[in-house]
Amino acid sequence: MVKERLTWKVEKTNTLKDVQCGFRKNRSTTEVLQMFVNDAVYCLENKKICLVVFFDVSSAFDSMVHRHILEGVIAANVRGRLLRFSYDYLQEREVTVKVGKAYLERKVLRKRGVPQGSSLGLIITT
């Protein structure tokens, strides 16, 4: 339910640029590759310069600071319960260890990265 609401909000408000195809319904990263090929062919045919820069963003979700993710969510005009959920999802991740009947102190797991393997892991993009 939350993933659908976030996706709906992002699509309705045109938060993502049209060329953002990864992790979007009815889109694929192949579309971006095709856009690049079209632009490159156009430049070659019209004797124009085509400058390309590639970035390796491996582990980007593992190292993204939560505050920056939340700033992107706010910039996308997400408000109310959906904003609070996004905050809780990222900021208030704690673990409590129980040994026998005794509970050890709660610890915050981390202040970076998006929980991997979760249903929302890759839809909060900025």
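User: Where is Ser-86 found?

Analyst: Ser-86 is found in helix α5. This is a predicted model, in which local features need pLDDT of at least 70, side-chain atom pairs count only at pLDDT 80 or more, and totals for chains, interfaces and linings use all residues. Residues are numbered from 1 along each chain as its sequence is written, and side-chain values use heavy atoms, with hydrogens and water left out.

User: How do you know what span to expect of a helix?

Analyst: The expected span is 1.5 Å times one less than the number of residues. For α5 that gives 16 Å, and the helix reaches 16 Å from its first C-alpha to its last. Helix α2 has 17 residues and reaches 25 Å, close to the 24 Å expected.

User: Why is Ser-86 called buried?

Analyst: Buried means under 20% relative accessible area, exposed over 50%, and partly exposed in between, with a 1.4 Å probe and protein chains only. Ser-86 has 1% relative accessibility, so it counts as buried.

User: Which residues of α5 are buried?

Analyst: Leu-82, Ser-86, Tyr-89 and Leu-90 are the buried residues of α5. They cover an arc of only 85° around the axis, so they sit on the same side of α5. The arc is that of the directions from the helix axis to the C-beta atoms. On the other side of α5, Gly-80 and Arg-81 are exposed.

User: What is Ser-86 in contact with, leaving aside its neighbours within four places in sequence?

Analyst: Contact means heavy atoms within 4.5 Å. With those neighbours left aside, Ser-86 is in contact with Leu-6, Leu-70 and Val-73. There is also a polar pair: the backbone oxygen of Leu-82 lies 3.0 Å from a polar atom of the Ser-86 side chain.

User: Which residues of α4 are buried?

Analyst: In α4, His-66, Ile-69, Leu-70 and Val-73 are buried. They cover an arc of only 95° around the axis, which puts them on the same side of α4. The buried residues of α4 pack against α5.

User: Why is Ala-76 called buried?

Analyst: Ala-76 has a relative accessible area of 9%, so it counts as buried. Ala-76 lies in the loop between α4 and α5. Leaving aside its neighbours within four places in sequence, Ala-76 is in contact with Lys-9, Thr-13 and Thr-15. Ala-76 and Thr-13 are 63 residues apart in sequence, yet their C-alpha atoms are 7.5 Å apart in space.

User: Why is Asn-77 called partly exposed?

Analyst: Asn-77 has 42% relative accessibility, so it counts as partly exposed. Asn-77 is placed in the loop between α4 (66-75) and α5. Its phi is positive, near 65°.

User: What makes the pair of Asn-77 and Arg-79 a polar contact?

Analyst: A polar contact is a pair of N or O atoms within 3.5 Å; within protein, one must be able to donate a hydrogen and the other to accept it, and residues adjacent in sequence count only if both atoms are side-chain atoms. The side chains of Asn-77 and Arg-79 make such a contact, at 3.4 Å.

User: Why is Lys-47 called exposed?

Analyst: Lys-47 has a relative accessible area of 78%, so it counts as exposed. Lys-47 lies in the loop between α2 and α3 (60-63). Lys-47 has a positive phi of about 50° although it is not a glycine.

User: Where is confidence lowest in the chain, and where is it highest?

Analyst: pLDDT is the predictor's confidence in each residue, from 0 to 100. Confidence is lowest in strand β1 (residues 94-95), at a mean of 66, and highest in helix α2 (residues 29-45), at 90. The chain has a mean pLDDT of 76, and 74% of its residues reach 70 or more. Where pLDDT is low, the predicted coordinates should not be read in detail.

User: How many helices and strands does the chain have?

Analyst: The chain has 5 helices and 4 strands. From the N terminus on, the order is α-α-α-α-α-β-β-β-β. Of its 126 residues, 20% count as buried.

Terms used
Helix = DSSP H or I, 4+ residues; strand = E, 2+ residues; numbered from the N terminus.
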